[in-house]
Amino acid sequence: AYVKQVLHIMRHHPLIEQQLLALERAVYLEGPEVDRTILDWLVSPGLHPAVQFRTLQVLRRRGVTGKVALERLGETVELDVERTPLAMDEFPGPVADILARVESMTETNDSTLPHFARELWKECLQFLYGTSDYERMAEGGDDTVDCWAAALHVNLLLAAYGTADDERIRDTYGIPESLRFRYEQASKAIRRIGAAHPEPPDRP
């Protein structure tokens, strides 16, 4: 009865917070139907992108392996469950480098900004994971890191203060005109996350 109750809350509760609590409990459930129920729910239409990502993490923690195809921010993506990152150090190098750049740039101006940068970046990754934007970022070099770091920095300041000097920040990160389009793409991807979806609860 407990297993059925947890899975019912996970699938049907109207509040994302309650769904995520049930999802966390589902890591420890036993029973042949648990993995299949979670997988079926994962690919259901309209699931919040951050909830999708957390569900992938739960499946990995349960030892599930194999590919799963699902809709992520308007794209159909195919992901290996066992490769789902469980912590920041399990993401590809550029992902951590982007955050490190922003943390180093912001810590002298406002000691609280590096913390907010980390939280915002974790939220972004939950949305972007597996999408074409994510793949371009994860496979990119120094130029890509600069563009995404500048975009994250601008959006961080907009979230914290409601204003940001876009041009000054691009100069700070050394974004030349030749990389302007790539920077705009990154900034648009981050802005789209904030505009299109309600924020999930704060979790790693």
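These questions and answers concern a predicted model.

Q: How many bridges join strand E1 to strand E2?
A: Strand E1 covers residues 67-72 and strand E2 residues 75-80. The two run antiparallel. The number of bridges joining E1 to E2 is six.

Q: Which residue in the hairpin of E1 and E2 takes a positive phi?
A: Most residues other than glycine have a negative phi. The hairpin has two residues between its strands.

Q: Which residue in E2 stands opposite glutamate 71?
A: Glutamate 71 belongs to the uncovered face of E1, with Lys67 and Ala69. Its opposite residue in E2 is threonine 76.

Q: How far apart are the closest N and O atoms of aspartate 80 and lysine 67?
A: Lysine 67 stands opposite aspartate 80 in E2. The two form a salt bridge. Aspartate 80 lies in strand E2 and lysine 67 in strand E1, so the pair ties together parts that are 13 residues apart in sequence. The closest N and O atoms are 3.0 Å apart.

Q: Is aspartate 80 buried or exposed?
A: Buried means under 20% relative accessible area. Aspartate 80 has 19% relative accessibility. Lysine 67, its salt-bridge partner, counts as exposed at 55%. Aspartate 80 counts as buried.

Q: Which residues do salt bridges that share partners join into one network?
A: Side chains of opposite charge can pair when their charged atoms come close. Aspartate 80 forms a salt bridge with lysine 67. Through shared partners, salt bridges form one network of Lys67, Asp80 and Arg83.

Q: How many residues apart in sequence are the parts that arginine 60 and glutamate 90 tie together?
A: Arginine 60 forms a salt bridge with glutamate 90, with the closest N and O atoms 2.5 Å apart. Arginine 60 lies in helix H4, and glutamate 90 in the loop between E2 and H5, so the pair links separate parts of the chain. In sequence those parts are 30 residues apart.

Q: What is the relative accessible area of glutamate 90?
A: Arginine 60, its salt-bridge partner, is partly exposed at 26%. Glutamate 90 is also partly exposed. The relative accessible area of glutamate 90 is 36%.

Q: In which helix do lysine 122 and glutamate 119 both lie?
A: Lysine 122 forms a salt bridge with glutamate 119, the closest N and O atoms being 3.3 Å apart. The two are three residues apart, about one turn of the helix. An α-helix has 3.6 residues a turn, so residues three or four places apart point the same way. Lysine 122 and glutamate 119 both lie in helix H6.

Q: How many salt bridges does the structure hold?
A: Arginine 60 with glutamate 90 is one of them. Lysine 122 with glutamate 119 is another. The structure holds 14.

Q: Which residues in H3 meet H1?
A: From H1, the contact takes Val3, Leu7, Met10 and Arg11. By class, the contact of H1 with H3 has six nonpolar, one polar and one charged residues. On the H3 side the residues are Val34, Thr37, Ile38 and Trp41.

Q: What covers the buried residues of H3?
A: The buried residues in H3 are Val34, Thr37, Ile38, Leu39, Trp41 and Leu42. Their cover includes a strand, E1. It also includes helices H1, H2 and H4.

Q: Which residues does glutamine 52 touch, not counting residues up to four places away in sequence?
A: Glutamine 52 is found in helix H4. Glutamine 52 is buried, with a relative accessible area of 4%. Its contacts are Leu42, Leu47, Leu70, Glu71 and Arg72.

Key: Residues are numbered from 1 along each chain as its sequence is written. This is a predicted model: local features need pLDDT of at least 70, side-chain atom pairs count only at pLDDT 80 or more; totals for chains, interfaces and linings use all residues. Side-chain values use heavy atoms; hydrogens and water are left out. Two strands pair if DSSP finds at least two bridges between them. Helices (H or I, at least four residues) and strands (E, at least two) are DSSP runs, numbered from the N terminus. Contact means heavy atoms within 4.5 Å. Ala, Val, Leu, Ile, Met, Phe, Trp, Tyr, Cys and Pro count as nonpolar, Asp, Glu, Lys and Arg as charged, and the others, Gly among them, as polar. Buried means under 20% relative accessible area, exposed over 50%, partly exposed in between (1.4 Å probe, protein chains only). A salt bridge is a side-chain nitrogen of Lys or Arg within 4 Å of a carboxyl oxygen of Asp or Glu.
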